[in-house]
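Subject: Structure handover

Hello,

Here is the structure I promised to pass on. Please open it first, then read my notes below.

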Amino acid sequence: MPVFKTPFNGYSVKFSPFYESRLAVATAQNFGILGNGRVHVIDLSPSSPVINELIAFDTADGVYDVAWSESHDSVLVAAIADGSIKIYDTALPPHSNPLRSLKEHAREVHGLDYNPTRRDSFLSASWDDSVKLWTLDRPGSLRTFREHAYCVYSASWNPKHADVFASASGDCTVRIWDVREPGSTMIIPGHEHEILSCDWNKYDDCLIASASVDKSIKIWDVRNYRVPVSVLNGHGYAVRKIKFSPHRRNLIVSCSYDMTVCLWDFMVEDALVGRYDHHTEFAVGVDLSVLVDGLMASTGWDELVYVWQQGMDPRA
């Protein structure tokens, strides 16, 4: 399957919601500690195992995450280590980009998520302990959500309720928010160590997953979150990113500092469906295609992006 080499360390990879073969990749120099960044927009070749770079955007600081617009097929947003969010249009040449730079966060922006239901807004999660709500047509944020006591690593919109989202933080909690309410509507004390990622189930809007430094993934039902629905153990180090399948209710994919990508069926006792050990450094970004069932992508600090079909060897 196709492999793409980046000059910097990979941080995030996202499939386009409009084009089956298109992905965006966020990268950062020197493992994101210090240095430049680059956003790559890449295309899979339909006739050969080759990934072509469509366009790239250079940044003065590392890029930690990317998110495609749900309403404009050529627009994406990038989370930058200097606390800014940059908006790019792939239909325009690099010198015409970024279209805008949004700078309100006091520290690194670590996570982004575009609203899949309303399609006009996105969230940013930052190490300044806050989440912000934005739209493309306004130069400032619509609202700031401040309740977490430590870095917010991830924010995720509910797939069915346009005003509801979740945030995952180093304060060991997942918080549920409704943008119409003054504060969070639920606090899930999910783990005893930092929570690095969260995601909603695409078929059951009451199910949410959390991934932690404690090496575990937990599935929660927000109607009764005292005890998790399922606990997935199998990673050897912190679980960096999780993503529910957009095609199958029971499947969730994860990547970890143990350099592996794992696929799970959280409804069965032997939950681990597949383990992929193709990365040679921390695996920190993973995604599943909304348009192609079973198509997966991952990136890591080994400067590689892999794209493969579920059940196949990414290195084949």
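Is Asp43 buried or exposed? Asp43 is buried, because its relative accessible area is 15%, and the cut-off for buried is under 20%. Please keep in mind that this is a predicted model.

Asp43 has a charged partner. Arg22 forms a salt bridge with Asp43, and the closest N and O atoms lie 3.2 Å apart. The pair links distant parts of the chain. Arg22 sits in strand E3 (residues 22–28), while Asp43 belongs to strand E4 (residues 37–44). They are 21 residues apart. Arg22 is buried too, with a relative accessible area of 15%.

Now the overall picture. The protein chain has zero helices and 28 strands. The chain has 316 residues, and a compact globule of that length would have a radius of gyration near 20 Å. The protein chain has 18 Å, which agrees. Along the principal axes, the C-alpha atoms fill a box of roughly 50 × 45 × 35 Å. Of the 316 residues, 61% count as buried. The accessible surface comes to about 12,300 Å². Carbon and sulfur atoms own 50% of that surface. Then there are the contacts with a separation of 6 or more: residues 24 or more positions apart account for 45% of them.

Four strands form an open sheet in the order E6-E7-E8-E9, with antiparallel pairing. Strand E6 (63–68) and strand E9 (100–103) are the edge strands, and each pairs on one side only. Neighbouring strands of this sheet are turned by 20° against each other on average, direction ignored. Strand E8 (residues 84–89) pairs with E9 over four bridges, in the antiparallel sense. Ser84 stands opposite Lys103 in E9.

Back to charges. Side chains of opposite charge can pair when their charged atoms come close. The structure holds 16 salt bridges. Here are two more of them.

- Asp178 and Arg180 form a salt bridge, with the closest N and O atoms 2.7 Å apart. Asp178 counts as buried, at 11% relative accessibility. Arg180 is exposed, with a relative accessible area of 59%.
- Asp313 and Arg315 meet through their side chains in a salt bridge of 3.6 Å, N to O. Asp313 counts as partly exposed, at 38% relative accessibility. Arg315 is partly exposed as well, with a relative accessible area of 48%.

Together with Arg118 and Asp163, they are linked in a network of salt bridges.

Last stop: Ala238. Where is Ala238 placed? Ala238 lies in the loop between strand E21 (230–233) and strand E22 (239–244). Ala238 is buried, with a relative accessible area of 9%. Which residues is Ala238 in contact with, leaving aside its neighbours within four places in sequence? The contacts are Leu196, Ser212, Val213, Lys215, Ser256 and Tyr257. Ser216 is worth a look as well. Ala238 and Ser216 are 22 residues apart along the chain, and their C-alpha atoms are separated by 7.6 Å.

Then go on to the network of Arg118, Asp163, Asp178 and Arg180.

Best wishes

Terms used: Residues are numbered from 1 along each chain as its sequence is written. This is a predicted model: local features need pLDDT of at least 70, side-chain atom pairs count only at pLDDT 80 or more; totals for chains, interfaces and linings use all residues. Side-chain values use heavy atoms; hydrogens and water are left out. Two strands pair if DSSP finds at least two bridges between them. Helices (H or I, at least four residues) and strands (E, at least two) are DSSP runs, numbered from the N terminus. Axes are lines fitted to C-alpha atoms, for helices over the stretch in contact, and angles run from 0 to 180 degrees between N-to-C directions. The radius of gyration is taken over C-alpha atoms; the globule rule is 2.2 Å times the number of residues to the power 0.38. Buried means under 20% relative accessible area, exposed over 50%, partly exposed in between (1.4 Å probe, protein chains only). Contact means heavy atoms within 4.5 Å. Accessible areas come from the Shrake-Rupley method with a 1.4 Å probe; for residues, only the protein chains shown count as cover. A salt bridge is a side-chain nitrogen of Lys or Arg within 4 Å of a carboxyl oxygen of Asp or Glu.
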